[in-house]
Amino acid sequence: MDANTGLFKMKKFVSDASTVFNRAVQFTEEKLGSAEKTELDAHFENLLQRADKTKAWTEKILKQTESVLQPNPNIRMEDFVYEKLDKKKRDRVNHHEVLGHVLVDGGNDFGPGTTYGNALVKCGQAQLRIGNAEREFIQTTSNNFLQPLHNFLEGDMKTIQKEKKILETKRLDLDASKNRLRKAKSTSQPQDDAVARAEADLRVAQAEFDRQAEITKLLLEGVSSAHAHHLRCLNDFIEAQLTYYAQCQNYISELQQQLGSYSHTSGVGNNSSNSSGAGISSGIPSSVPLQPSAPPQINVIAATPNIEKKQARVLYDYDAADSSELTLLADELITVYKTPGLDPDWLMAERGPQKGKVPTTYLEVLE
């Protein structure tokens, strides 16, 4: 029993080594231009390119958003190490909170009963509220925007990359089988058993390649759903920003109104004299306007660009991801044109009363 097991393992090892060697030979000959390569169809190539672009831009967006939330690269690296070690990140005090504590402590030292001390305390309290709003903004953005992008890269995208590598190995096996069959038939005295084995190997390689191509294609087509999900996450991020900046504006507006009332009070501490030379007869110098007048509004009327419309033939079916896109059917004719601010990989399309953006890779624009 042990001898049979050892013999089976030895045969499997030899078979695997032979397969790896054939792949290496095929890959080298392709690079040298002495072997043919099975090409994927245009639609499949478009799906591969879209997946690669999605991976690259998602990584860039994730990295730059993290830089906005935490500009200090050393702290970002420390948080990364804590995450890899499955440890809880340290609860740090942000810059607004540090400033807030300093202002409150300074105000208490001068005396909250004095005009200047009371102003410092109120400024410090406003900074603490802004710091708390910033903390909530970072947490919301991390949960609703960064984490979904990170999960996509670590989950779906890694699966796609893995299946792409398997597809490439199956493609090398297929082309190597074609090459062996071609060599078996091209000999001066082809042997029937060698040709039959080569044909059988080719059928098996073709079936495995087709099966893997279908698996990879299904995963690549799922990138459209990922785009729709990322769009929802992007909306959540923008809403979090809107809430954060609205809170900051509200806190500062309230603080400005409170400081404006000090312009009518007496000087710092218990000094009630109006000494013009000291320059500190009130908490806020009267020469500095607290509420500057708004700048004049300038209405800019942009010139309407001339839009050149063209006819385009649809190459493949396309399902719209949301209401801003247009569903396409293969071989139909539609009207397309460019609009300012639209991604160069997209065009606006019209079909009767229906209108929406469509990817250029699915179209053949007719001149």
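Let me begin with the second largest pocket, which is lined by 34 residues; Arg50, Thr54, His227, Asp343 and Trp346 are the ones nearest its centre. Please bear in mind that this is a predicted model. The space in this pocket amounts to about 1,100 Å³.

Which elements supply the lining of this pocket? At least two residues each come from α2 (42–69), α5 (115–186), α7 (223–260) and β4. Of these, α2 gives the largest share, with ten residues. Sorted by class, the lining comprises 15 nonpolar, twelve polar and seven charged residues.

I turn now to the strands. Trp346, one of the residues nearest the centre of the pocket, has Pro359 in β4 as its bridge partner. Strand β3 (residues 346–351) is joined to strand β4 (residues 354–359) by six bridges, and the two run antiparallel. Two residues lie between the strands of this hairpin, where Gly352 adopts a positive phi near 65 degrees. Strand β3 also pairs with strand β2 (residues 333–337), again in the antiparallel sense, over three bridges. Within that pairing, Thr335 stands opposite Glu350 of β3.

Thank you for your attention.

Technical notes
Residues are numbered from 1 along each chain as its sequence is written. This is a predicted model: local features need pLDDT of at least 70, side-chain atom pairs count only at pLDDT 80 or more; totals for chains, interfaces and linings use all residues. Side-chain values use heavy atoms; hydrogens and water are left out. Two strands pair if DSSP finds at least two bridges between them. Helices (H or I, at least four residues) and strands (E, at least two) are DSSP runs, numbered from the N terminus. On a 1 Å grid over the protein atoms alone, a cavity is a set of points where a 1.4 Å probe fits but cannot get out, and a pocket is an open set with protein on both sides within 12 Å along at least five of seven lines; lining residues have an atom within 4 Å of a point. Grid points are joined across faces, edges and corners, and a volume is the space filled by probe spheres set on the points. Ala, Val, Leu, Ile, Met, Phe, Trp, Tyr, Cys and Pro count as nonpolar, Asp, Glu, Lys and Arg as charged, and the others, Gly among them, as polar.
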